[in-house]
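Hi there,

Here is the structure I promised to send over. Have a look at it first, and my notes follow below.

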Amino acid sequence: MSKIRLDRSGVKQLRKIIKNSISSVVAECGKEAYKFLLSEEDCNARYTGYFRSNWNCTVNSVDTSVAPEKRDMKDFYFWDVNKANDRFGKVNLTDRVNITNSVPYVKALNDGGSFEDGRTTPPRRFLELCHGHIASNIKLIIKNAEKSG
C-alpha cells in the first residue's frame with residue numbers, strides 16, 4: 001500500500017481510490033444478487049426454466065424483455081450464470097445496476113404462489129431473501145470487490 005500525502009494531489013488520488021472501491025462493491029453486489037436469484041442452492045428455489053431464463057442484468061437501464069413463452073420442444077430455456085459478470089464487469093460510481101424478471105407472474109411467485117404444475121415453488125418472498133442475503137454477506141462481497149478491483 002502506498003502512502004498518500006494530504007495535499008491537493010493526494011486528495012485527488014484518495015477520491016479516485018474511494019470512487020473505484022465503491023464501484024467495485026456495487027458491481028459485486030449485482031453479481032451476487034444475480035447468482036442468488038438464479039441458484040437453486042442459494043435461493044432454495046425450484047424455478048421453471050422459463051422463469052429462470054428471464055432474469056436480465058443491465059446497467060443504467062431496465063430490461064423488461066421476456067423470452068417467447070411457446071418454444072419448440074427441442075429448444076431449452078437458457079440461463080447464463082455468467083451474465084452478471086459480463087454486464088457488471090465495470091461500473092462507475094454513479095451507475096445503477098438492475099436485475100429484472102418481467103414474466104407476468106413474478107409478483108405472484110414472490111407472494112408465495114406456485115407454477116401451474118404445483119411442483120415448482122420458489123420460496124415465499126425470494127426477492128426479500130435476496131436483499132437479506134446481500135446484507136448478511138456484505139463483508140465477503142467487499143472482500144471479493146477488493147480482489148477484483
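**Salt bridges, aromatic rings and one asparagine**

Lys-35 is partly exposed, with a relative accessible area of 44%. Please keep in mind that this is a predicted model. The partner of Lys-35 is Glu-32, and their side chains form a salt bridge at 3.5 Å, N to O. Glu-32 is buried at 15% relative accessibility, because that value falls under the 20% cut-off. Both residues sit in helix α1 (residues 8–38), three residues apart, about one turn of the helix.

In total, the structure holds four salt bridges. Among them is the one between Asp-111 and Lys-107, with the closest N and O atoms 3.0 Å apart. Asp-111 also pairs with Arg-125, here at 2.7 Å between the closest N and O atoms. That pair links distant parts of the chain, 14 residues apart, with both residues in the loop between α5 (106–110) and α6 (126–136). Lys-107 is exposed at 60%, while Arg-125 is partly exposed at 33%.

Now to the rings. Four aromatic pairs turn up in the whole structure. One of them is Phe-51 with Trp-55, edge-to-face, at 5.6 Å centre to centre and 75 degrees between the planes. Phe-51 is buried at 0% relative accessible area, and Trp-55 is buried at 2%. Together with Tyr-105 and Phe-126, these two form one aromatic cluster.

Finally, Asn-56 lies in strand β1 (residues 55–59) and is buried at 9%. Its side chain reaches the backbone oxygen of Asn-54 at 3.4 Å.

Best wishes

Terms used:
Residues numbered from 1 in each chain as written. Predicted model: local features only at pLDDT ≥ 70, side-chain atom pairs only at ≥ 80, totals over all residues. Heavy atoms only, no water. Helix = DSSP H or I, 4+ residues; strand = E, 2+ residues; numbered from the N terminus. Buried < 20%, exposed > 50% of the residue type's maximum accessible area, 1.4 Å probe, protein only. Polar contact = N/O pair within 3.5 Å; in protein donor to acceptor, adjacent residues only side chain to side chain. Phe/Tyr/Trp six-rings, centres within 6.5 Å; stacked < 30°, edge-to-face > 60°.
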